[in-house]
Amino acid sequence: MIGEMDAHSVAGYFRNKSILITGSTGFLGKVLVEKILRVQPDVKKLFLLIRAPDVESAKIRIQTEVTGREIFRVLKENHGAGFDNFIEEKICPLVGNIMKENFGLDNSQLKEFSKDIDIIINGAATTNFFERYDVFIACRVFTYSLQFSNE
Ligand SMILES: NC(=O)c1ccc[n+]([C@@H]2O[C@H](COP(=O)([O-])OP(=O)(O)OC[C@H]3O[C@@H](n4cnc5c(N)ncnc54)[C@H](OP(=O)(O)O)[C@@H]3O)[C@@H](O)[C@H]2O)c1
C-alpha cells in the first residue's frame, strides 16, 4: 500500500518536468527511460546524454539501443501509430561524455538547458572492471559536475 502511494507520488512529481539522464543506452538506463515514459507520459522532456560524434548518430543510438528494444513493446502497443511522434516529442538527444568538463556540452547548450532541466539522473559509468584504472576512476569517482548558470 505504502509502496503504491510512493510510486504514484514519484510519477506525479515527474509530470511536466524535464530530466537529464546519463547512461540511457545501458542496462539500467533503458529500463529507466521506458518506465518514466510509460508511467508518466506527461513528463515534459527526457534529455539523453549520449556518446556519439554528432546528434544524428546519437539519435540512431537511441533508436537502436534504447527505444527500439523489446522492453519498449508495451509502450509501442499503447501508442500504436503515434509511437514515433511520442518519442520524438519526449526525447531529446544530447551529445556528451561525463568524463569531460560540463559533460562536453558547450556554453550555449548549457545556457539553454539550465533553463529547462529540473532533474538530473546520472546512470553513466564504466562497468568494465578491466577498464584502464585512470578511466575507471575518472568515470566512477571524479565525474564532472555541470556548471549551470541562469545568467
Ligand atoms: N546492472 C545492475 O544490476 C546494477 C546494479 C547495481 C548498480 N549498478 C550501477 O548502475 C550504473 C549503470 O549500470 P548498468 O548495468 O546500466 O551499466 P552499463 O550497461 O554498462 O551502462 C553504462 C552506461 O554508461 C554510459 N557511459 C559509460 N561511460 C560514459 C561516459 N564517459 N560518458 C557518458 N556515458 C558513459 C554507457 O554509454 P555507452 O553506451 O556509450 O557505453 C552506458 O549507457 C553503474 O554505476 C552500475 O555500477 C548496476
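Start your tour by selecting Val43, which lies in the loop between α2 and β2; here helices (H or I, at least four residues) and strands (E, at least two) are DSSP runs, numbered from the N terminus. This is a predicted model, where local features need pLDDT of at least 70, side-chain atom pairs count only at pLDDT 80 or more, and totals for chains, interfaces and linings use all residues. Residues are numbered from 1 along each chain as its sequence is written, and side-chain values use heavy atoms, with hydrogens and water left out.

Is Val43 buried or exposed? Val43 has a relative accessible area of 0%, so it counts as buried. Buried means under 20% relative accessible area, exposed over 50%, and partly exposed in between (1.4 Å probe, protein chains only).

Next, pick Pro41, in the loop between α2 and β2 (45–50). Pro41 counts as partly exposed because its relative accessibility is 31%. Show Leu75 as well: the C-alpha atoms of Pro41 and Leu75 are 9.9 Å apart, while the residues are 34 apart along the chain.

Zoom out and colour by secondary structure. The protein chain has 7 helices and 4 strands, in the order α-β-α-β-α-α-α-β-α-β-α from the N terminus. Of its 151 residues, 35% count as buried.

Now centre on the ligand. Select what surrounds it, taking residues with a heavy atom within 4 Å, and you will find 17 residues, the closest being Thr25, Leu28, Arg61, Asn97 and Thr127. Two helices, α2 (27–39) and α7 (133–140), each supply at least two residues of this shell. By class, the shell holds 7 nonpolar, 7 polar and 3 charged residues; Ala, Val, Leu, Ile, Met, Phe, Trp, Tyr, Cys and Pro count as nonpolar, Asp, Glu, Lys and Arg as charged, and the others, Gly among them, as polar.

Which polar side-chain atom lies 2.6 Å from a ligand oxygen? Select Arg61 to see it. Then turn to the backbone: a polar atom of Phe27 is 2.8 Å from a ligand oxygen, and a backbone N or O atom of Gly23 lies 3.3 Å from one. Finish with a surface view, where the protein covers 66% of the 900 Å² of accessible area that the ligand has on its own (Shrake-Rupley method, 1.4 Å probe).

How values were computed
A polar contact is a pair of N or O atoms within 3.5 Å; within protein, one must be able to donate a hydrogen and the other to accept it, and residues adjacent in sequence count only if both atoms are side-chain atoms.
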